[in-house]
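This report walks through one region of the fold, element by element. Please keep the sequence and the model open alongside.

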Amino acid sequence: MRSRGSARRSGPVRRWPVVLASVIATLLATLLFMNLVTGEKKIEEDVPRLYGTHDPQFRRSMGVLLGPPILEGNRFEVLRNGDEIFPPMLAAIASAQKTITFETYIYWSGAVGQAFADALIDRAHAGVHVHVLLDWLGSSKMDDSLVQKMKDNGIEIVRYHQPHWYNLGRLNNRTHRKLLVVDGRVGFTGGVGIADKWGGHAQDAEHWRDTHFRVEGPVVAQMQAVFMDNWTKATGKVLHGEPYFPALPPVGSGAAQVFESSPTAGSESMHLMYLLAITAAERTIDLSNSYFVPDDLTVKALVAALKRGVKVRIITPGPIIDAETVRKASRAHWGPLLEAGAEIYEFLPTMFHVKVLVVDNYLVSAGSTNFDVRSFRLNDEANLNTLDEAFARQQTEIFADDLSKSRRITLEEYNNRPLKDKLLEHAATLLDAQL
């Protein structure tokens, strides 16, 4: 009798691991689902072409339909590669009198990371309010001791979406923004990360090619507001007042806006901005992008532009790339573009990390945004959009210089690539939504 009673009592005991495993599996599935979707409707139909880039309606749409107004009176300076990018950023930090706000995806330990930490600590010692927002995943190669040193020396430093029980559903939402604002008056944005890979002048495979921008004028307040968006989300604190948002008189003749997107506030807005720019193009589209994995709507928009006579040139990374799966997924989408007459090039000397779109030698959109679904729907991104013909011509000249270091992929070569490559490329497209 005792053995039968013992068997009856042990039944539920033996079943509890199964129940626990089921609960855990359900929770993991729920978390996975929450991290793979944004909850917002995606753009599903072609954006009709109603005007060109030089039509006043294009500017109104960029400034009203998409978000922040386009502001006059700005000055822009383009910076290429680490040797040109880091010294002006460090000089601006050194000049800070009141505030520094700094948001970045990549911050790794090394000589560059140490130089920025030292510069920020120096200004914190001088009484400057220093706020640093790092993406938790992107800063995973940053030594905890360096983070602690910055905290111990008066810097308010926060990691965005560092895992906690209450934000596990947001782990796939990263801040990919690259923003530095000093005293609310001088701003920097572009593609560069704070790491030794970006040092030098793209002279070899160990030193990446990238572009960043220094900005002055009224549009810097918009850049500051984009930083504040994530700072408030991450800390619950609101930074405001003259030290962060001073009056900004005109300093130049450039028109610009700082455009943002995030899954919690318009995940499709960056996607829509690119579609509007491509659809409005009248003569030329020059796209430099490190992760070019266009969705079907974007491919259709580019093909439509080609069919109405727009010259489309695209530079992507070549064999030297930090994410080979992205390169394979990218190449799987090239067929319709090449057939329609697009010129696609692979940059050869080193990793190509530039993210710049130039349309009709008029619109320049540059910042953190990759040309892929992750940037369009999952990441927090920010771009500087300028409407300035002289500035756009300068970016076109830089594009031509990059083009001279790239190899064109012809339709014949693309069609004749090995079957193995085709299979691997199409297999990589299964990950398009996460690339």
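Helix 4 has 15 residues and reaches 21 Å from its first C-alpha to its last, close to the expected 21 Å at 1.5 Å a residue. The expected span is 1.5 Å times one less than the number of residues. Helices (H or I, at least four residues) and strands (E, at least two) are DSSP runs, numbered from the N terminus.

The model is predicted: local features need pLDDT of at least 70, side-chain atom pairs count only at pLDDT 80 or more, and totals for chains, interfaces and linings use all residues. Residues are numbered from 1 along each chain as its sequence is written, and side-chain values use heavy atoms, with hydrogens and water left out.

**Helix 4**

The buried residues of helix 4 are V112, G113, F116, A117, A119, L120, I121, R123 and A124. Buried means under 20% relative accessible area, exposed over 50%, and partly exposed in between (1.4 Å probe, protein chains only). These buried residues pack against helix 3 (81–95), strand 2 (99–104), strand 3 and helix 5. Contact here means heavy atoms within 4.5 Å. Just after helix 4, G127 has a positive phi of about 95°.

**Strand 2 and its partners**

Six of the six residues of strand 2 are buried. Both faces are covered: T99, T101 and E103 lie on one side, with I100, F102 and T104 on the other. Strand 2 pairs with two strands, listed below. Two strands pair if DSSP finds at least two bridges between them.

Strand 2, helix 4 and strand 3 form a right-handed β-α-β unit. Right-handed means that, with the strands pointing away from the viewer, the path from the first strand over the helix to the second runs clockwise.

**Helix 5**

Helix 5 (residues 144–152) buries L146, V147 and M150. Seen down the helix axis, these buried residues fall within an arc of 100°, so they line one face. The arc is that of the directions from the axis to the C-beta atoms. An α-helix has 3.6 residues a turn, so residues three or four places apart point the same way. The face turned away from the buried side carries exposed D144, S145 and D152. Cover for the buried residues includes helix 4 (111–125), strand 3 (129–135) and strand 4 (156–160). Just after helix 5, G154 takes a positive phi of about 95°.
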